[in-house]
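Keep the 3D view open as you read.

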Amino acid sequence: MQIHTPDWVKHAVFYQIFPDRFAKSTQPRKRLLNDPKWEDWDAFPTLQGYKGGDLWGILEQLDYIQSLGVNAIYFTPIFQSACNHRYHTHDYYQVDPLLGGNAAFKELLDAAHQRNIKIVLDGVFNHASRGIFFFHDILENGPHSPWVDWFKIQGWPLAPYTGDAPANYDSWAGIRSLPVFNHDNPEVREYIMEIAEYWIKFGIDGWRLDVPFEIKTPGFWQEFRDRVKAINPDAYIVGEVWTDSRQWLDGRQFDGVMNYLFTGPTIAFTAGNRVDLEMVKGRDYQPFPPLFAAEYAEKIEDLLTLYPWEIQLTQLNLLASHDTARLITIAGGDVASLELATLLLLTFPGAPSIYYGDEVGLPGALDPDCRRGFPLEANWNLQILKTHKQLISLRNQYQALRVGSYQVIYAESTLYVFIRIWENEELMIAVNVGEESVTVSFDGGKLENKLQNLLFGNGEIKWNNQSVDLNVPARSGCIFG
């Protein structure tokens with residue numbers, strides 16, 4: 001079958017925002033709370049405390065977001081909830097009042113669209129919160145509730161708040177606050193489909209789907225795609241799947257997944273033995289042990305043959321997220337590791353995603369520390385910010401970096417070199433993760449043009465007929481065009 005994915009995603013640079021932690025509005029607004037009990041913005045985040053970020057604050061920072069070269073935002077959940085990360089949904093039709101409610105979101109959505117910035121929301125459709133109306137009714141009325149078949153009840157009484165008795169219902173990862181929907185119930189299925197349709201009609205540009213692999217009901221995600229695409233054929237549907245995703249990337253379900261199969265090897269190659277094993281313990285994306293260039297090339301080439309090219313171009317590529325430690329912390333504070341990985345991210349097929357604060361060097365260990373408040377400008381790492389802006393600008397400037405073919409032409413020891421080609425546009429990217437400068441010669445016959453212009457970094461290139469002499473300083477990367 002012919003696969004169709006949204007064209008705009010192929011040209012997008014995403015910025016992932018955790019709404020409670022990015023920005024608080026500085027303008028007088030009508031707020032739900034006049035004297036909120038927020039945590040101090042710069043204090044280490046806690047599992048349950050709020051810092052008070054809101055959608056108005058994000059609206060006021062659109063100039064900054066646009067200055068990065070970003071043209072798409074992915075929000076972690078914004079719907080009404082009783083937790084700071086909002087993966088415990090109370091009401092799928094209401095933006096959390098603490099964020100400003102539906103009105104603030106509409107204002108932000110319109111302002112973003114005026115700047116040609118797309119908005120993708122997080123859809124948590126596997127499970128809800130024990131505070132959602134339907135489950136609350138079951139807690140009040142037991143087996144007499146009309147909603148009893150909306151969840152997976154095993155016996156009575158239910159025990160949603162204490163571990164002293166069996167929960168007696170299915171919950172995500174055994175967490176009692178997250179009852180799992182019964183997706184085999186046609187009413188539940190229709191309820192979720194209508195939520196998806198409602199917000200697409202409202203104007204959002206796509207859905208990021210939380211743990212979609214947990215939903216086993218046959219045909220569920222095919223119907224989800226059909227109904228969303230019937231309203232907006234260019235809507236982006238991206239799943240949170242950390243491993244081989246071929247069963248969802250068949251052209252009938254998702255347009256892409258969060259591409260942790262890129263994340264792990266890229267960290268293992270660029271950070272190497274700097275990786276703090278405590279920061280990656282128990283994670284599925286394998287950023288350890290260290291990789292040499294040839295091993296990295298093998299993993300990348302395997303990844304690029306795993307899915308159809310049309311899908312590769314709409315994968316959501318990332319180095320960190322709200323579910324991982326931040327890369328600068330994983331790499332023990334090594335700035336070069338972050339910059340080298342960012343170079344590989346922004347020159348890879350698919351849509352790169354920058355986790356808020358990574359572009360200014362914000363550190364953070366595992367959850368909840370990876371969800372810190374965005375730092376004051378005085379605490380930004382301006383070198384890292386400059387690198388991000390340069391690389392995003394180059395990606396936006398060169399079609400080859402977005403949709404061009406990707407071919408490894410040299411991968412030995414610590415040096416990895418590849419080319420991106422689109423029609424007459426050719427670029428060569430070289431990354432040296434080693435502690436010493438590297439000078440190599442190799443056949444440049446795969447390039448039609450003898451690239452001379454240094455677009456990024458400090459490398460040197462010389463041509464001897466069809467042979468390339470390349471020098472790349474230690475712990476650095478460069479782009480030639």
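Start with the residues that line the largest cavity: L319, A320, L327, L338, T342, L345, S353, I354, Y355, D358 and H388. Before going on, please keep in mind that this is a predicted model.

What kinds of residues surround the largest cavity? Its lining is made up of seven nonpolar residues, three polar ones and one charged one. Two elements, α13 (335-345) and β10 (351-355), each give at least two residues to this lining.

Let's follow α13 from here to a neighbouring helix. The axis of α13 and that of helix α14 (residues 382-397) come within 10 Å of each other and cross at roughly 10°. Angles under 35 degrees count as roughly parallel, so α13 runs roughly parallel to α14. Which residues bring the two helices into contact? On the α13 side they are V335, L338, E339, T342, L343 and L345, and they meet Q383, I384, T387, H388, L391 and R395 of α14. Sorted by class, this contact has six nonpolar, four polar and two charged residues.

Now look for another pair of helices. Helix α7 (residues 186-202) and helix α8 (residues 220-231) have axes that come within 9 Å and cross at roughly 30°. That angle makes α7 roughly parallel to α8, and the crossing of α7 past α8 is right-handed. In α7, the residues R189, E190, I192, M193, E194, A196, E197, I200 and K201 take part, meeting F220, E223, F224, R227, V228 and I231 in α8. This contact of α7 with α8 contains eight nonpolar and seven charged residues, but no polar ones.

Our last stop is an open space. The largest pocket has a volume of about 900 Å³ and a lining of 35 residues. Which of them lie nearest its centre? They are H85, H88, W172, I175 and L178. Taken by class, the pocket lining has 14 nonpolar, twelve polar and nine charged residues.

Note on methods
Residues are numbered from 1 along each chain as its sequence is written. This is a predicted model: local features need pLDDT of at least 70, side-chain atom pairs count only at pLDDT 80 or more; totals for chains, interfaces and linings use all residues. Side-chain values use heavy atoms; hydrogens and water are left out. Axes are lines fitted to C-alpha atoms, for helices over the stretch in contact, and angles run from 0 to 180 degrees between N-to-C directions. Helices (H or I, at least four residues) and strands (E, at least two) are DSSP runs, numbered from the N terminus. Angles under 35 degrees count as roughly parallel, over 145 as roughly antiparallel, 65 to 115 as roughly perpendicular and the rest as oblique. A crossing is left-handed if the near helix is turned anticlockwise from the far one by less than a right angle, and right-handed if clockwise. Contact means heavy atoms within 4.5 Å. Ala, Val, Leu, Ile, Met, Phe, Trp, Tyr, Cys and Pro count as nonpolar, Asp, Glu, Lys and Arg as charged, and the others, Gly among them, as polar. On a 1 Å grid over the protein atoms alone, a cavity is a set of points where a 1.4 Å probe fits but cannot get out, and a pocket is an open set with protein on both sides within 12 Å along at least five of seven lines; lining residues have an atom within 4 Å of a point. Grid points are joined across faces, edges and corners, and a volume is the space filled by probe spheres set on the points.
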